[in-house]
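Please keep the sequence and the 3D view open as you read.

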Amino acid sequence: QESSAVAAFESSMYVFVFNWTPALDSCSSTTPPHGLIFSAFMMACMCGSSVFNLLDESISPIKVLWPVCLAAALSLGAVAASLFTTYSEATIFFGFLAFEACVGAYFPCVSTVKSQIVPEEARAGVYNVYRVPLNLCVVLLLLGDLELKTSFAICSTLLLTSVIAIALIGAQPRRIGQ
């Protein structure tokens with residue numbers, strides 16, 4: 001379940017990295033300012049990370065993780081919907097900003113959850129095993145030569161898969177020290 005959640009979220013993130021510029025280029029009559037947009041993404045990511053750090057330590061990270069993944073799924077779902085219909089530059093840009101904020105919150109949160117689940121002596125091996133489905137998923141999505149709208153729809157579905165996997169992990173409180 002842990003590897004499913006990690007692979008689903010992080011593969012969506014890597015596919016996003018490859019597809020955000022073509023997505024924004026496809027809906028703009030002029031070349032968008034990619035450097036400025038990337039800066040905005042990094043700021044959104046930092047804001048997401050800061051929000052996680054501001055949370056009360058009594059809140060279990062697993063209870064934060066599933067809403068973060070759900071918000072990420074909804075943001076890329078909005079991007080996919082826009083690419084299927086209106087090609088709204090604003091919808092795509094703000095969907096990407098929301099996704100980046102979710103990425104910022106995801107990493108400190110998932111790191112805390114993984115440290116509670118995976119014994120320290122096994123972490124290196126287990127984390128490497130997590131990478132196998134992640135890399136397989138990224139390669140299949142990128143080499144599949146999918147349309148952008150299809151690619152983002154699949155990413156949104158993968159993120160919903162991560163929500164389900166995280167809910168299953170959270171249903172086992174003894175494993176994560178709650």
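## Salt bridges

How many salt bridges does the count come to? In this predicted model, the count comes to two.

One of them joins arginine 131 to glutamate 10, with the closest N and O atoms 2.9 Å apart. Arginine 131 belongs to helix α5 and glutamate 10 to helix α1, so this pair ties together parts that are 121 residues apart in sequence. Glutamate 10 is buried, at a relative accessible area of 3%, whereas arginine 131 is partly exposed, at 36%. The other salt bridge is between lysine 149 and glutamate 147, at 3.7 Å from N to O. Lysine 149 is partly exposed, with a relative accessible area of 21%.

## Helix α5

Take a look at helix α5, which runs over residues 123-143 and has 21 residues. From its first C-alpha to its last, α5 reaches 30 Å, close to the 30 Å expected at 1.5 Å a residue.

Within α5, the buried residues include Tyr130, Leu134, Cys137, Val138 and Leu141. Residues three or four places apart in an α-helix point the same way, because there are 3.6 residues a turn. Among what covers the buried residues of α5 are α1 (2-26), α4 (89-117) and α6 (148-170). After α5 comes aspartate 145, which has a positive phi, near 50 degrees.

## The largest pocket

The largest pocket has a volume of about 150 Å³. Its lining consists of Phe52, Asn53, Leu55, Asp56, Glu57, Ile59, Pro61, Val64 and Thr112.

By type, the lining residues divide into five nonpolar, two polar and two charged. Helices α2 (34-54) and α3 (61-84) each supply at least two of the lining residues.

Technical notes:
Residues are numbered from 1 along each chain as its sequence is written. This is a predicted model: local features need pLDDT of at least 70, side-chain atom pairs count only at pLDDT 80 or more; totals for chains, interfaces and linings use all residues. Side-chain values use heavy atoms; hydrogens and water are left out. On a 1 Å grid over the protein atoms alone, a cavity is a set of points where a 1.4 Å probe fits but cannot get out, and a pocket is an open set with protein on both sides within 12 Å along at least five of seven lines; lining residues have an atom within 4 Å of a point. Grid points are joined across faces, edges and corners, and a volume is the space filled by probe spheres set on the points. Helices (H or I, at least four residues) and strands (E, at least two) are DSSP runs, numbered from the N terminus. Ala, Val, Leu, Ile, Met, Phe, Trp, Tyr, Cys and Pro count as nonpolar, Asp, Glu, Lys and Arg as charged, and the others, Gly among them, as polar. The expected span of a helix is 1.5 Å times one less than its number of residues. Buried means under 20% relative accessible area, exposed over 50%, partly exposed in between (1.4 Å probe, protein chains only). Contact means heavy atoms within 4.5 Å. A salt bridge is a side-chain nitrogen of Lys or Arg within 4 Å of a carboxyl oxygen of Asp or Glu.
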